[in-house]
Amino acid sequence: MMRWFHQLGSPPYFYAFSKRISAGFAVLALGLIAWGIYGGLVLAPPDYQQGDAFRIIYVHVPSAWMSLFIYTSMAGAGAIALIWRMKLAEIFIICAAPLGASFTFLALVTGSVWGKPMWGTWWVWDARLTSELILLFLYLGVIALNNAIEEPRAAARACALLALVGVVNVPIIHYSVEWWNTLHQGPTVTRFDKPAMDIDMLLPLLITAIGFTLMFVWLVLVRMRAEILNRDARSRWVKKAILE
Amino acid sequence: MHEFLHMGGYAAYVWSSYGIAALVLAANAIAPYVQLRAAKRRIKNQIVAESEV
Amino acid sequence: MSGFIALLQRDLLLVLRQRGEILHHVLFFLLVITLFPLGTRPSATLLLAVAPALLWVAALLAALLSLQRLFRPDFEDGTLEQLMLSTTPLSLLVLAKVAAYWLAGGLIFVLLAPVVALLLGVPGTAIPVIMCSLLLGTPVLGLVGAIGVALTLSLPRAGMLLSLLIFPLYVPVLIFGAGAMQAAINGLPASGPLFMLAAILVLALTLAPLATAAALRINFEYA
C-alpha cells in the first residue's frame, strides 16, 4: 500500500494512473450530479417559506462546500509539498486553484441571485457571502502568484506556502466576519439558515455535493496530466508517451 | 411542465442560477482537455523540430 | 539571542539614518485620513461614523506601502543571503527585522492616535482603546505583511500583487480593530475585540516568522 503511494509520487506513473481512472470519475460525477439535480428540481417539494426559489440551494451549497474543501486540500497538499518536496503535491495545488476559484465564484453568484427574491437586493454583506468573497480573493492570490513567478517549481512552492498561510486564516476570517455581521445585522434575517431539512430535500443536496466532489477529482486529474507534460516536456518518458 | 418551468414565480432566479452553474461547470470540464491537447501538440512539434536538427 | 539583538540594532540604526522615511510614513497616514473629509461634507456625525474604518484602512495602506523596505534592500545587496547563513535561526532574524520595522512605523501610529481622534471628532474617552488596538494590531500588519514580501521578493514590481496577497489576511485585524474603536466611541466595553486582537497577535508572533523564513528560503532554492 505504501509502495503504491510512493509510486504515485512519480510523474510518469501518475500520468498513466490518471489516464486510466479519470474517465471513471467523469462518468460517476456526471451521473450523480444529474441524479442530484433531478431530485432537487423535480422530486423535492417546494419550501413552505421560500417556495420554489429555495431550489437554488442545490447549486449554491455544494459550490460553497467545494470552495472550502478545495482550499483545504490545497493547504494539505501544500504541507506535503513543503515538507517532503513532492512534485505532484505542488502540481496539485496549481491545478486545483482555478477549479476552487470557479466554485467560489459560482457560490457567490448563486448566493447573490438567491438573495434578490429573498432580501430584495442583489448583494448583501452577510457573513457567508462576505467570507466567500474573501475566499475568492485568497484563490485569486494563489493564481496570481503562480503566474507572476517564472520558475515553475519556485512558483508552486510559493503557492504551497501561501495556501497554508491562507488556510490558517480562513477560520479566523470566518469568525471575524460572523462577529462583524452580528454587530451590524439589519432588521431582516440575513442568514442562509439551513432549515431543518426534510430527507426529500436533503438527499439531492448530498448527492449533488458528492457529484461535485467527484467532478473536481476528475478535472484535477486531467489538469495535472497537462501540467506534468508541460513541466517534464524535455524528459524521455514524456516523449515516449506522446509518440505512442 | 408549465409549472416546472414557472418555478412558482421565481423562474428567472432559479433558471439563471442553474444556467450559470451549467456554464461554469461546462467551461471547467472542457478547459483541461483543451490544455492537454495544446500541451501534446506543442511537445510533438518540439520532438519533430529536434529530430530535424 | 545575540544575533537577534545585533540585527535589531542594525536595522534601527539604518532607519535612524533615514529619518525622512519615518516622516513619509506618518504623513501618508495623516494625508489619507485628511483626504476623506475633503471628499465629502465634513459633518461631525458622518466622520464619527466612518472614523474606525478610516483609521484602520489608512493604517493598512501605510503598512502596505512601507513593507517593501523590510527585505528588499537586503535582498538586492546580498545581505539577506549572508543572514541566511548565520547560526541564529532565520525566523528569529525575521522577528528582529519586523520588530525594527514596527518600532519605526506602527508604534508611531499608536502615538498619533490622539491627533487622529482630534481630526475625526472622536471623543477623548475612546483614545486609550484606540491606542491599545493599534498597539496590538499594527505588529500583526508587519508580521503578516512580511510573509507576503518574502513570497514576492524575487519579483521586481510586486506592489500590487503584494496587496492582493495580504489584504484578505488583514481582514480580521481590520474588523476587530475597527470594532474595538467603534465600541469605545459608543461608550461600550471594547474588551471582546481587544482580546481577539491580542489572540491574533500571539498567533502571528509564533507562526508568521516561521512562514516568512520558509518563504525567504524558497527564493534561493531555484536560482
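Which residues have the most contacts inside the largest nonpolar core? Keep that in mind while you load the model, which is a predicted one.

**Stop 1: chain A as a whole**

Select chain A. Its C-alpha trace spans about 65 × 40 × 30 Å along the principal axes. You will find eight helices and zero strands. From the N terminus on, the elements run α-α-α-α-α-α-α-α. Of the 244 residues of chain A, 48% count as buried. Take the contacts in chain A between residues at least 6 apart in sequence: 80% of them join residues at least 24 apart.

**Stop 2: color by confidence**

Chain A averages a pLDDT of 87, and 94% of its residues score at least 70. Select helix α3 (residues 57-84) of chain A: confidence is highest there, at a mean of 94. Now select helix α1 (residues 2-8) of chain A, where confidence is lowest, at 79. Then pick residues 186-191 of chain A. Over this stretch pLDDT stays under 50, and the model has six contacts beyond four places in sequence for it. Where pLDDT is low, the predicted coordinates should not be read in detail.

**Stop 3: the core**

Back to the opening question. The largest nonpolar core has 165 residues, and those with the most contacts inside it are Ile93(A), Cys159(A) and Leu161(A). Select Ile93(A) and show its surroundings. Leaving out residues up to four places away in sequence, Ile93(A) touches Met74(A), Ala77(A), Gly78(A) and Ala81(A), and also Ala156(A), Cys159(A), Ala160(A) and Ala163(A).

**Stop 4: helix α4 of chain A**

Select residues 87-119 of chain A, which form helix α4. How far apart are its end C-alpha atoms? They are 47 Å apart, which agrees with the 48 Å that its 33 residues should span at 1.5 Å a residue. Look along the helix for Ala96(A). There α4(A) bends by about 30 degrees, and a proline, Pro98(A), follows within four residues. Is α4(A) largely enclosed or open? In α4(A), 25 of the 33 residues are buried, so it is largely enclosed by the rest of the structure. Step past the end of the helix. Just after α4(A), Gly120(A) takes a positive phi of about 90 degrees.

**Stop 5: where chain A meets chain C**

Show chains A and C together. Here 26 residues of chain A are in contact with 23 residues of chain C. On the chain A side, the elements that give two or more residues are α5 (127-148) and α6 (152-183). The largest share, 15 residues, comes from α6(A). By class, this side of chain A divides into 20 nonpolar, three polar and three charged residues.

**Stop 6: where chain A meets chain B**

Now 23 residues of chain B are in contact with 29 residues of chain A. The chain B side has 15 nonpolar, six polar and two charged residues. Two pairs of chains touch, and the most contacts are between chains A and B.

**Stop 7: Val98 of chain C**

Finish with Val98(C), in helix α6 (residues 90-103) of chain C. Is Val98(C) buried or exposed? Val98(C) is buried, with 29 other C-beta atoms within 10 Å. Not counting residues up to four places away in sequence, Val98(C) touches Gly142(C), Leu143(C) and Ala146(C). Thr79(C) is 19 residues from Val98(C) along the chain, and their C-alpha atoms are separated by 16 Å.

Technical notes
Residues numbered from 1 in each chain as written. Chains lettered and ligands numbered in written order. Predicted model: local features only at pLDDT ≥ 70, side-chain atom pairs only at ≥ 80, totals over all residues. pLDDT = per-residue confidence, 0-100. Contact = placed C-beta atoms within 7 Å. Nonpolar A, V, L, I, M, F, W, Y, C, P; charged D, E, K, R; others polar. Core = buried A, V, L, I, M, F, W, Y, C linked by C-beta atoms within 7 Å. Buried ≥ 20, exposed ≤ 12 C-beta atoms within 10 Å, placed from the backbone. Expected span 1.5 Å × (residues − 1). Bend = angle between axes of the 7 residues up to and from the residue.
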